[in-house]
Amino acid sequence: MDGRLVGVPLREYRRRMLSLSPTDFIAHNIRLPDGSLTMQGQSLAESSLCTSVVRSLNLFCPIGGGRQPRVADLGCLEGGYALAIAQAGYETLGIEGRQANVDKCNYLASLFQLPNLSFVRDDVRNLASYGRFDAISAAGSSVTWISPS
């Protein structure tokens, strides 16, 4: 699968999504430990948005003094941003609602073996049940917070 789903009718999109395996990435192009990429083109970690996320975390939530700040990546999709954040040294939890995406995230976690990276399938509204975080990222998603008050 080449990742291009723009203009695909909804029925076909759903069929394709259900037929994906954990190694079929359609959104995050990640350089794997063996040097291969999950998709063609520039890797996500080399993109300006991803490098900006990590630089911003370093600025506002620096690692140091024996402290490893916790970061939640909301709507983490295929785990690319969460992986980059963890590789930068942050304790990272990716929260994703779709099981097919969580399977891809867990595939990445198994390949990279980072003890500071984990993923859960949950609704981002349950964030508080995972404890306190020093920073929240939603760089790769369209998560919008709507306050009931």
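This is a predicted model: local features need pLDDT of at least 70, side-chain atom pairs count only at pLDDT 80 or more; totals for chains, interfaces and linings use all residues.
Local features are taken at pLDDT of at least 70 and side-chain atom pairs at pLDDT 80 or more, while totals for chains, interfaces and linings use all residues. Residues are numbered from 1 along each chain as its sequence is written, and side-chain values rest on heavy atoms, leaving out hydrogens and water.

Helices (H or I, at least four residues) and strands (E, at least two) are DSSP runs numbered from the N terminus. Four strands make an open, parallel sheet in the order S3-S2-S1-S4, where strands pair if DSSP finds at least two bridges between them. S3 and S4 sit at the edges, each pairing on one side only. From one strand to the next, the twist averages 20 degrees. S2 and S3 are joined in parallel by 5 bridges, and Thr-92 has Leu-117 in S3 as its bridge partner.

Helix H3 (80-87) lies across S1, S2, S3 and S4, at about 150 degrees to S3; H4 lies across S2 and S3, at about 165 degrees to S3. These angles run from 0 to 180 degrees between N-to-C directions, with axes fitted to C-alpha atoms, for helices over the stretch in contact. Since 7 of its 8 residues are buried, H3 is largely enclosed by the rest of the structure. Buried here means under 20% relative accessible area, exposed over 50%, and partly exposed in between, using a 1.4 Å probe and protein chains only. After H3 comes Gly-89, with a positive phi near 110 degrees.

Next is H2, residues 48-60. Cys-50, Val-53, Val-54 and Leu-57 are the buried residues in H2. They line one face of the helix, because they fall within an arc of 90 degrees seen down its axis, judged by the directions from the axis to the C-beta atoms. They pack against S1, H3 and S4, contact being heavy atoms within 4.5 Å. The face turned away carries exposed Ser-48, Arg-55, Leu-59 and Phe-60.

Finally, Asp-73 belongs to S1 and counts as buried because its relative accessibility is 1%. Beyond four places in sequence, Asp-73 touches residues including Tyr-81, Leu-93 and Ser-137. A polar atom of the Asp-73 side chain lies 3.2 Å from the backbone nitrogen of Ala-82.

Definitions and conventions: A polar contact is a pair of N or O atoms within 3.5 Å; within protein, one must be able to donate a hydrogen and the other to accept it, and residues adjacent in sequence count only if both atoms are side-chain atoms.
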